[in-house]
Amino acid sequence: MAEAPLSGTDFSILVESLRDSGRVEYASRNSGRYPVHVRGWNCSTFNDLFDEFAAAFQFPWYFGFSKDALVDCLQDFFDDDLQYQEAASGLDLIIWHADKVLRGGVGLQGRVDLRDFIEMLCSIISEIGSPEGIRSGFEPVSRSVTVYLQFDDDEAASDLARWTSVGLRYAKSDR
């Protein structure tokens, strides 16, 4: 598998229609994983991204809408969510229309925002996949997280270039 900017992470790319990407969720559920969808078209700025992640993961009312709060609430999700705990194999985060994610920042700011987002995801994934894993009760639980970035065929090359230009390394999805 390819490496993202931090070791031990896994990003896969889906270049297909949104409708066709449904097979990833089907395969995820059938393999004992927990799929979560984030709608990229609702994530043009970091504030939008925070709203979308809060909805997708059902964060508590006190979610602070910042990068630190996102990391904290995701860690709590992996620690406490009973549905996730039943998914013995891990989590598949599927970002629909990844080409729309953090498009609100212009120029350098847009690149910095996207890079920050990738690094934030890599950090969370690395921690969850570490030998200590996330604590479930008193026993450490290590689970994998795969991030699927879905792009439509039409503009996939230029949209993917925006992600790779800030350091994303990935594997083409085989699901």
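View 1. Asp-153 is exposed, because its relative accessible area is 52%. Here buried means under 20% relative accessible area, exposed means over 50%, and partly exposed lies in between (1.4 Å probe, protein chains only). The structure is a predicted model, in which local features need pLDDT of at least 70, side-chain atom pairs count only at pLDDT 80 or more, and totals for chains, interfaces and linings use all residues. Residues are numbered from 1 along each chain as its sequence is written, and side-chain values use heavy atoms, with hydrogens and water left out.

Asp-153 sits in the loop between β6 (144-151) and α6 (156-164). Helices (H or I, at least four residues) and strands (E, at least two) are DSSP runs, numbered from the N terminus.

**View 2. The salt bridge of Arg-23 and Glu-16.** A salt bridge is a side-chain nitrogen of Lys or Arg within 4 Å of a carboxyl oxygen of Asp or Glu. That rule gives 8 salt bridges. In the one between Arg-23 and Glu-16, the closest N and O atoms are 2.8 Å apart. Arg-23 is partly exposed, at 32% relative accessibility. Glu-16 is buried, with a relative accessible area of 11%.

**View 3. Asp-116 and Lys-67 in a salt bridge.** The side chains of Asp-116 and Lys-67 meet at 2.9 Å, N to O. This pair links distant parts of the chain: Asp-116 lies in helix α5 (residues 107-129) and Lys-67 in helix α3 (residues 67-80), 49 residues apart. Asp-116 counts as partly exposed, at 25% relative accessibility. Lys-67 counts as partly exposed too, at 33%.

View 4. Arg-115 and Glu-119 form a salt bridge, with the closest N and O atoms 2.7 Å apart. Both residues lie in helix α5, 4 residues apart, or about one turn of the helix. Arg-115 is partly exposed, with a relative accessible area of 27%. For Glu-119, also partly exposed, the value is 32%.

View 5. Thr-146 belongs to strand β6. Thr-146 counts as buried, because its relative accessibility is 9%. Contact means heavy atoms within 4.5 Å. Leaving aside neighbours within four places in sequence, Thr-146 touches Asp-10, Ser-12, Arg-33, Leu-91, Asp-92 and Leu-93.
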